[in-house]
Amino acid sequence: FGGVPAVQSASLEVEAGTLLALLGPSGCGKTTLLRLIAGLDRPQTGTIEIAGLEVETPSTHVPPEKRGIGLVFQDYALFPHLTIEENVAFGAPINNGTNSSVDDMLHQVGLDGLAKRMPDELSGGQQQRVALARALLPQPSLIMLDEPFSNLDPSLRNEVQAEVQRVLTEANATAIIVTHDQEEALSLADEVAVMIDGKILQQASPNTIYRKPRTRQVAEFVGE
């Protein structure tokens, strides 16, 4: 970007059904990597494969809408003129069971009885769960969340983190959560990938990352 290389040599592999935290300092390339995986940006070199399918190579580009990915943005990106149920249903496959599917998903994320509300009538934590329900409804092969808790009041953050973890686990979702918060990553994820200067320096369980950091950079960042 403007002569500044972004990401460069990151190498990441996520097992199906795993909740992975992509942890690193601001500016290390985490969000850019998410955009590359989603197909919103194109890499100049490298390969991206999702569920056994190459979606990005020097000669191949599968568009974002055909990658089977759910995205939850930092600001949730809810449509202010649509009700909660309309937001969740947006982009879902058209079928006769859409309404019941939306109701089931709202129940799954703990938003029973709020289907007819507007986004501005909900708390920040509830809005985030709407965004999560919308991303999960099409049953994506991968769901990605970009700094999903950064806009929440500190008093709500732990509660919403636990709720999101529960929903993703019950859905057996494969998920990548981008965060710069070490405590959040270590407490929330099955695996943590530490990214510094565009490279994945270590990917392992939270316990291994904390107790057996592979490099001094990992130890210093996780220990901050």
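Colleague: Which residue just after α1 takes a positive phi?

Modeller: This is a predicted model, with residues numbered from 1 along each chain as its sequence is written. Local features need pLDDT of at least 70 and side-chain atom pairs 80 or more, totals for chains, interfaces and linings use all residues, and side-chain values use heavy atoms, without hydrogens and water. Helices (H or I, at least four residues) and strands (E, at least two) are DSSP runs, numbered from the N terminus. Just after α1, the residue with a positive phi, about 90 degrees, is Gly-39.

Colleague: Is α1 largely enclosed or open?

Modeller: Buried means under 20% relative accessible area, exposed over 50%, and partly exposed in between (1.4 Å probe, protein chains only). Helix α1 spans residues 30–38, and seven of its nine residues are buried. Among them are Lys-30, Thr-32 and Leu-33. So the rest of the structure leaves α1 largely enclosed.

Colleague: Which strands are included in what covers the buried residues of α1?

Modeller: Contact here means heavy atoms within 4.5 Å. The cover includes β1 (19–23), β2 (48–50), β5 (69–72), β6, β7 and β8 (191–196).

Colleague: What does Leu-145 touch, not counting residues up to four places away in sequence?

Modeller: Leu-145 is one of the core members that touch the most others. Its partners are Leu-34, Val-72, Leu-132, Val-164, Leu-168, Ile-176, Ile-177 and Val-178.

Colleague: How many residues are in the second, separate core?

Modeller: This core includes Leu-22, Leu-33, Ala-193 and Met-195. Leu-33 is also one of the buried residues of α1. The size of this second core is 21 residues.

Colleague: What is the radius of gyration of the protein chain?

Modeller: It is taken over C-alpha atoms, and the globule rule is 2.2 Å times the number of residues to the power 0.38. With 224 residues, a compact globule would come near 17 Å. The chain agrees with that, at 18 Å.

Colleague: What share of the residues in the protein chain is buried?

Modeller: The chain has eight helices and nine strands. Of its 224 residues, the buried share is 44%.

How values were computed
Core = buried A, V, L, I, M, F, W, Y, C linked by side-chain atoms within 4.5 Å.
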